[in-house]
Amino acid sequence: MKIEEKKVVALTYTLTVDGQVADQATKERPLDFIFGMGYLLPKFEEYLLGLEAGDSYGFTLSPEEGYGVIEPERIVDIPKSAFEVNGELREDLLFVGNMIPMMAGNGGVVHGRVAEISDSSVKMDFNHPMAGKTLNFEGEIVEVREATGKELEEGLHGELKSHCCSGGCHGDCSGDCNCEGDCR
């Protein structure tokens, strides 16, 4: 069976960046996903289209095809006082390379990397950690199969499923949860 829209794909990969292995999935723990549902980088999926179980692959994604180029406006200086909790500076968080979740202006959470620390401020980089990087992938297709109706509706691992509790609906609910307090 060939990889195409709405097929479940399991694959191995080794991601090499700047000559170093950055990530990998093995036959024992493959990456699995539903093809064409936006789980992976679009260009990554494009290279897999039409492959089948047992096929090997290898390709390179430019920064533009991967996680984008580094955007200088996403590197900002934040006063050290923003890292205080109850008037105490969280020194344990402030070291170069540390990823810190922070509240965005819209109320959402964004992850930033500590790039530099000065006496009065912290330079935070909110670019994706792989922004500006050339991504080299090699791997093998382990399995290709039809997705079930439940997988298409709820996601391969339940990630699209609404999470309902007696306190209300937590997920993409457009009305009554109807889950009788069954929290997932």
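Analyst: Lys133 and Asp18 form a salt bridge, with 3.0 Å between the closest N and O atoms; the term stands for a side-chain nitrogen of Lys or Arg within 4 Å of a carboxyl oxygen of Asp or Glu. This pair joins distant parts of the chain, since Lys133 lies in the loop between β10 (121-125) and β11 (135-146) and Asp18 in the loop between β1 and β2 (20-25), 115 residues apart. Helices (H or I, at least four residues) and strands (E, at least two) are DSSP runs, numbered from the N terminus. Lys133 is partly exposed at 27% relative accessibility, whereas Asp18 is exposed at 58%; buried means under 20% relative accessible area, exposed over 50% and partly exposed in between, with a 1.4 Å probe and protein chains only.

The model is predicted, so local features need pLDDT of at least 70 and side-chain atom pairs count only at pLDDT 80 or more, while totals for chains, interfaces and linings use all residues. Residues are numbered from 1 along each chain as its sequence is written, and side-chain values use heavy atoms, with hydrogens and water left out.

A further salt bridge joins Asp125 to Arg113, at 3.2 Å between the closest N and O atoms, and it links strand β10, which holds Asp125, with strand β9 (residues 109-117), which holds Arg113. Here Asp125 is buried, at 10% relative accessible area, and Arg113 is partly exposed at 30%.

Glu4, Lys7 and Glu146 are connected in a network of salt bridges, and the count by this rule comes to 10 salt bridges.
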